[in-house]
Amino acid sequence: MLSIPKYQFWFCTGSQDLYGDECLAHVAEHSAAIVTALNASGELPYEVVLKPTLITNELIRKTFNDANTDPLCAGVITWMHTFSPAKSWILGLREYRKPLCHLATQFNEEIPYDTIDMDFMNENQSAHGDREFGHVFTRVDKNRKVIFGHWANPTVRAELAGWMRTAVGAVVSQHTRVCRFADNMRNVAVTEGDKVEAQVKFGWEVDAWPVNELVPYVDAVTAAEAAALTDEYYDLYDLVLDGRDPSEFRRHVEVQAAQEIGIRRFLEEHNYQAIVTHFGDLGGLKQLPSLSIQRLMAEGYGFGAEGDWKTAAMDRVMKVMAAGIPGAKGTCFMEDYTYNLVPGAEGILESHMSEVDPSVAAGKPAIRVTPLSMGDREDPARLIFTSHAGAGIATSLVDLGERFRLIIAEVDCKKVSHAMPNLPTGTVFWEPRPNLKVGVEAWIYAGGAHHTAFSFDLTSEQMADWADEMGIEAVVIDNNTTVRGLRRDLMLGAVAYR
Ligand code: MN
């Protein structure tokens with residue numbers, strides 16, 4: 001289901017006609033060589049498309065408006081080869097609405113000491129052009145990403161690749177539709193928010209549906225369909241019967257199989273990419289969607305529990321941003337549960353009552369059927385597992401009343417030192433950076449939620465850039481964080497984003 005359009009990025013070179021046609025011919029050759037090399041590198045997640053050199057106000061304005069309306073164009077990469085008088089760019093930039101990267105690079109890596117003359121200097125003056133272009137961008141107060149360095153440098157290419165994913169996240173956000181089967185859990189504050197403002201800022205369409213509109217889709221799944229999917233589960237996952245009768249166990253699993261098929265049909269028919277449920281509002285559903293939701297999450301749907309549409313949408317956007325990363329370890333919905341405060345082994349046990357995304361599982365998940373400690377339904381079948389280890393980021397989008405804030409915490413996921421045989425859920429255990437004490441204090445001061453959208457595969461820089469693109473505040477908690485510095489950042493953010 002996680003089908004992403006074959007997005008492209010336009011490569012637009014800035015120049016002017018002061019130095020004649022021969023110079024412009026070289027500019028075009030150099031641009032073509034860079035684009036060919038970038039595409040051939042295999043290091044970029046999306047194709048770069050060469051556009052004609054931009055030397056007139058009219059062509060610049062037309063190119064940016066064409067980029068706005070091309071559904072496959074996810075952003076523009078600009079390169080100032082020579083000196084491009086930047087008043088020419090003002091109208092085009094002001095009308096442009098997609099992400100933009102100013103690739104501050106130069107065709108040659110080294111100054112040609114033996115042969116350099118004034119013609120070479122005039123033709124290759126990116127250092128000059130970068131400043132003129134950057135000045136106008138700052139002057140018109142438009143968001144952009146600046147990446148500096150030689151275009152063949154692996155670090156520069158990795159940064160460009162990361163920015164492309166951020167840009168796709170910004171574009172996909174505008175096409176994200178969230179289906180809410182239930183309102184927010186009663187009396188819970190942090191999962192609430194202004195859905196109108198979310199559509200203004202992020203483009204999210206957040207719709208409520210009575211859960212009993214879903215029930216006929218689940219009931220319409222035939223016994224044969226549910227049995228076939230259950231057979232597939234039995235091939236894919238281990239079974240932990242916990243002493244239950246195998247046929248009774250299987251009946252519980254088949255309920256989840258029917259839910260998976262029915263929910264997917266509903267979401268496809270109504271064009272939703274993210275889903276929200278609530279254990280306290282299940283209508284005619286026999287079990288809390290657990291294994292069913294876990295499978296849909298792993299397929300690429302965003303998810304939030306207890307009516308949490310903000311985290312569901314973030315989960316979806318981040319899944320798209322991370323799609324196709326080689327060696328990806330997963331992006332998922334997560335919840336803070338229990339601290340381990342033992343010195344030297346500090347961290348937070350992350351989980352949910354059952355809806356934990358197996359995208360982050362290390363090894364083969366197992367199916368268990370155990371009671372929920374909440375609600376009034378049958379024991380749900382769910383997948384249990386422990387996660388990969390390694391660095392990741394946890395994000396929380398909160399509504400502060402007059403604005404949104406995205407909190408991004410860098411964390412290190414670790415194996416827990418003991419087995420937890422009585423815990424029937426998937427788990428992750430992480431230590432926030434710079435350490436549990438400062439990380440938690442900072443998160444609490446920033447107003448972060450217990451629900452997060454977590455990723456092993458994205459960086460805090462990418463998510464902060466995404467927030468910039470959306471025009472909202474980003475608060476990053478990492479190894480450089482101090483509580484005093486963070487509180488000053490929050491105070492400055494309150495002024496800047498008022
Ligand atoms: Mn929850």
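1. The expected span of a helix is 1.5 Å times one less than its number of residues. In this predicted model, helix H15 (residues 483–496) has 14 residues, and the distance from its first C-alpha to its last is 20 Å, close to the expected 20 Å.

2. Helix H15 has a buried side. Gly-485, Leu-486, Leu-490 and Gly-493 are buried in H15. These residues cover an arc of only 140° around the axis, so they lie on the same side of H15. The buried residues of H15 pack against strand E16 (404–413), helix H13 (436–446) and strand E19 (473–477). On the face turned away from the buried side, H15 carries the exposed residues Arg-484, Met-491 and Val-495.

3. The largest nonpolar core contains 38 residues, of which Tyr-233, Val-253, Leu-267 and Ile-367 touch the most other members. Elements giving two or more residues to this core include helix H9 (223–236), helix H10 (246–269) and strand E13 (366–369). H10 gives the most, with eight residues. A second, separate core has 29 residues, among them Trp-204 and Met-463.

4. Ile-367 deserves a separate remark. Neighbours within four places in sequence aside, its contacts include Tyr-233, Val-253, Phe-249, Leu-291 and Leu-383.

5. His-278 lies in the loop between strand E9 (274–276) and H11. Is His-278 buried or exposed? Buried means under 20% relative accessible area; His-278 has 10% relative accessibility and therefore counts as buried. Its side chain reaches the backbone nitrogen of Gly-280 at 3.0 Å. Not counting residues up to four places away in sequence, His-278 touches residues including Phe-181, Asp-183, Leu-288 and Glu-306.

Note on methods: Residues are numbered from 1 along each chain as its sequence is written. This is a predicted model: local features need pLDDT of at least 70, side-chain atom pairs count only at pLDDT 80 or more; totals for chains, interfaces and linings use all residues. Side-chain values use heavy atoms; hydrogens and water are left out. A nonpolar core is a set of buried Ala, Val, Leu, Ile, Met, Phe, Trp, Tyr and Cys residues joined through side-chain atoms within 4.5 Å. Buried means under 20% relative accessible area, exposed over 50%, partly exposed in between (1.4 Å probe, protein chains only). Helices (H or I, at least four residues) and strands (E, at least two) are DSSP runs, numbered from the N terminus. Contact means heavy atoms within 4.5 Å. A polar contact is a pair of N or O atoms within 3.5 Å; within protein, one must be able to donate a hydrogen and the other to accept it, and residues adjacent in sequence count only if both atoms are side-chain atoms. The arc is that of the directions from the helix axis to the C-beta atoms.
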